[in-house]
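Subject: Structure handover and what I found in it

Dear colleague,

I am passing on the structure that we spoke about, and below it you will find my notes.

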Amino acid sequence: MIYFTGNRAIAFILIILVAFFLSGYVYGQGEEQSQGGEGKDEYVIFYSDSIFTTDSVTFKVDRDSYESSESFFDTLKNKAKQSYLTGKLYDFLVVNDDNRGEQNKIVDSYSTPFEQYRGKPIRQVYIRQLDVFGGSVDDTLKGTEQWYKEVGNWVHMPTHQSIIRENLLFSAGDTLDPSLLRDNGRILRDLQYIKDARLVVRPVGKQGDSVDIIVVTQDLWAKGFDVNLQNINSGEIQLFDNNFLGLGHKIQTNIQFDYFENSNPGIEAYYSLNNIQGSFINGRLYFLDAFETHRYGLEFSRNFYSYKTRWAFGGKVYKTNTKRNIIQQDTAFHQVDLDYINHDFWMGYAIPLNMGDDFFRNRNRLIFSARYRNDRFFDGPLITERYNYQFHDNQMLLGKISYSRENYYKSSLIYGFGSTEDIPVGDLVSYTFGWEMDEFFRRFYTGVNYRHGEFIDNFGYLSSELGAGGFLYQNRLEQGAVHFRTNYISKLFHTENMKLRQFFGLDYSVGFNRFPEETLRLDKFTDIRGFPNTDIYGNKKLVFKSETVGFTNIYYYGFRLAFYGFCDVGFLGPSDNFIFQNPIQTGFGIGMRFRNENFVFNTFQIRLGYYPSLTHENSFLVNLSGEKSLRPMRYTPEPPQVIDF
């Protein structure tokens, strides 16, 4: 990412925002609306595949709006095609008929479409793969009129069907389990090389006593790059392929540069294997050689990927050699050689519980898990019993008992720009305990955590988490922490030219009897976005975040545009002070995001932020960056860990 300061940037960014808004307004006049007015006749569009008669999605639009919209675009297209130049201009600027309904998906929905086929034997499983550019799992009849789509489909190496089959939880000869099919659709959509996926059940035989299942998937364009500039002198260039040779493996190389550092540039690389031989075990090999830091290692993991998963486990081993400026007891910075190795292993077992209502049927589990971690330093800074704790030789053995229930709603236009999104809801209650064997002391850890998430009709998604824990040592609690967060996502509001969502977040953390070097700071990514001041620290933090996002109808070569405005407020200070007695830190501004859901590229964003508490030179900051897609809160247990601080 890169930041720009100065008031001249304000006028520049405002001109861009106004220009795109006006273009969206004009363009939106021809768009069909997803909801008609009261009392008006409706025109029903059936998106279905001619082969799969049971796979259809309907969208209702106002008849007058639909017919006038079709007439407008047909006339515009016919006139444009009379000339080669205007025809190419039309292809570049205007979305085809097959794309204009893409953002009109039904959102915030939960259904059990396969319930009527429960228990029936599966005769055959078919795989149908759509082109990267053109069709979609909601309308498999879409065409690819533009030349660049045809070229892209020709160059793209599709995922091997054997790889898709390895990610299925069922096979021919099994009996149909509706809940398992729902889980499998989500698993496919979570793959880093799949844009969208749908499962279609087709009854066969005169009596319909068996079924065929058709798995419809659409790949992402898996090859890409990303450029993150910290400033004009340093940054990173990423090159990656998320679906190497169609095998579902990811290979990535990051070139890191900083003209003021030794050994410039540096390189970071890793190779990730997804679902090795259908075992749902993922692996990764890692290597880093940059700016006097050398690191390499490997890791593997198998998560609770389905409600039927019984065993989950993981492990990682990393060796690191680096230099770091560390504050010593004389309060001065000293460059210290660090040489250490980390071992981390965990395992969990789930027991199904026959309880709960229909929504969470078969999705209640009692989970027992354990984790062992060993950090060993061969070279490091000066340490004492209560100083530089993070550089101690340390072993930790943790256990956790959890109750979990989790289900999913299907939605759209939350963290993505039109693809199907699976939003989890449910509950997670955990108790974590264990022993720490430090080179200076032995301590017992205890902590509790509770998460809850639900979808409320005509309101939106609400999720919350409360956690508290600490170490017991010599009849006192130390390194204690309490963390509370809550997030709200509104339902999707429709306007003439935009679809709007509102996001709110509240995050509160406080530490008790922490070690001297342990402090909280306001993070420029997760707290006050873009906030560059790292000199503020404390043991108690409260952050309130608000964001309004408008998804426009603008569509250029598959790229969609969203505008957003944000306001972030934070308080940070010592734990013995009332939180609102600390100075207020704020940041607010506007921006826009671009994304093409057919590619694995990060969302590109331009943001103008204003920070009143900073100096005049830094109060206005313009940020250009690639933004990774966010993930909602989950309600499946993670490996045992201490409460974050």
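H294 is found in strand β12, which covers residues 293–302; here helices (H or I, at least four residues) and strands (E, at least two) are DSSP runs, numbered from the N terminus. Please bear in mind that this is a predicted model, in which local features need pLDDT of at least 70 and side-chain atom pairs count only at pLDDT 80 or more, while totals for chains, interfaces and linings use all residues. Residues are numbered from 1 along each chain as its sequence is written, and side-chain values use heavy atoms, with hydrogens and water left out.

With a relative accessibility of 40%, H294 counts as partly exposed, where buried means under 20% relative accessible area, exposed means over 50%, and partly exposed is in between (1.4 Å probe, protein chains only). If we leave aside its neighbours within four places in sequence, H294 is in contact with L288, D289, K319, T320 and N321, contact meaning heavy atoms within 4.5 Å. With one of these residues, D289, the side chain of H294 also makes a polar contact, side chain to side chain, at 3.0 Å. A polar contact is a pair of N or O atoms within 3.5 Å; within protein, one must be able to donate a hydrogen and the other to accept it, and residues adjacent in sequence count only if both atoms are side-chain atoms.

The next part is helix α6, residues 178–190, whose 13 residues reach 19 Å from the first C-alpha to the last, close to the 18 Å expected at 1.5 Å a residue (the expected span is 1.5 Å times one less than the number of residues). Is this helix enclosed or open to the outside? Twelve of the 13 residues of α6 are buried, so the helix is largely enclosed by the rest of the structure. The cover over the buried residues of α6 includes β5 (194–204), β6 (210–219), β16 (394–411) and β17 (421–438). At the N-terminal end, α6 is capped by D177, which has a side-chain oxygen 3.1 Å from the backbone nitrogen of S179.

Being four residues apart in α6, R186 and D190 are separated by about one helical turn. R186 is buried, with a relative accessible area of 7%, whereas D190 is partly exposed at 36%.

Helix α6 lies across β5 and β6 and runs at about 150 degrees to β5, where axes are lines fitted to C-alpha atoms, for helices over the stretch in contact, and angles run from 0 to 180 degrees between N-to-C directions. These two strands belong to an open sheet of three strands, in the order β4-β6-β5 and with mixed pairing; two strands pair if DSSP finds at least two bridges between them. The edge strands are β4 (122–130) and β5, each of which pairs on one side only. Eight bridges join β4 to β6, and these two strands run parallel, with R128 standing opposite V216 in β6.

Finally, the count of salt bridges comes to 31. One of them pairs E406 with R634, the closest N and O atoms being 2.9 Å apart. This pair links distant parts of the chain, with E406 in strand β16 and R634 in the segment after β29 (620–627), 228 residues apart. E406 is buried at 6% relative accessibility, while R634, at 30%, is partly exposed.

With best wishes

Methods: Salt bridge = Lys/Arg side-chain N within 4 Å of Asp/Glu carboxyl O.
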